[in-house]
Amino acid sequence: MVASVANAAAAYANASKMTGAGGGASAAGGGGFSDLLQQAAGDVVGALKTGEAQSLQAVTGKADLTAVTEAVNNAQIALQAVLAVRDK
């Protein structure tokens, strides 16, 4: 549960940075929500790649099991978030 809370807090912080304090579109007239989705998709892909890389290192015995577990859990949480958004 700690990872979920930490990921939620990080997502909230990223969203507030992208949308500004008012929650509207960015000051430069950018895409706002579409930029937020694009960054979130990139973050999910990054989490999945990190989890995969850590898993491969664990298979070869070159990774710490704690780091592998953390990376795989982060990838799982990110994928669950994407699926939840898709299902809405």
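This is a predicted model: local features need pLDDT of at least 70, side-chain atom pairs count only at pLDDT 80 or more; totals for chains, interfaces and linings use all residues.
Residues are numbered from 1 along each chain as its sequence is written, and side-chain values use heavy atoms, with hydrogens and water left out.

Q: In what order do the elements of the chain run from the N terminus?
A: Helices (H or I, at least four residues) and strands (E, at least two) are DSSP runs, numbered from the N terminus. The chain comes to 3 helices and 0 strands. From the N terminus on, the order is α-α-α.

Q: Are α2 and α3 roughly parallel or roughly antiparallel to each other?
A: Axes are lines fitted to C-alpha atoms, for helices over the stretch in contact, with angles from 0 to 180 degrees between N-to-C directions. The axes of α2 (residues 33-59) and α3 (residues 65-87) come within 8 Å and cross at roughly 150°. Angles under 35 degrees count as roughly parallel, over 145 as roughly antiparallel, 65 to 115 as roughly perpendicular and the rest as oblique. The two helices are therefore roughly antiparallel.

Q: How do the residues of the contact of α2 with α3 divide into nonpolar, polar and charged?
A: Contact means heavy atoms within 4.5 Å. Residues of α2 including Val44, Leu48 and Gly51 meet residues of α3, among them Ala71, Asn74 and Val82. Ala, Val, Leu, Ile, Met, Phe, Trp, Tyr, Cys and Pro count as nonpolar, Asp, Glu, Lys and Arg as charged, and the others, Gly among them, as polar. The contact divides into 11 nonpolar, 5 polar and no charged.

Q: Does Val44 count as buried or exposed?
A: Val44 lies in helix α2, and beyond its neighbours within four places in sequence it is in contact with Ala78 and Val82. Buried means under 20% relative accessible area, exposed over 50%, partly exposed in between (1.4 Å probe, protein chains only). Because its relative accessibility is 15%, Val44 counts as buried.

Q: Which side chains meet in a salt bridge?
A: A salt bridge is a side-chain nitrogen of Lys or Arg within 4 Å of a carboxyl oxygen of Asp or Glu. A search of the whole structure finds 1. At 2.9 Å, N to O, the side chains that meet are those of Asp87 and Arg86.
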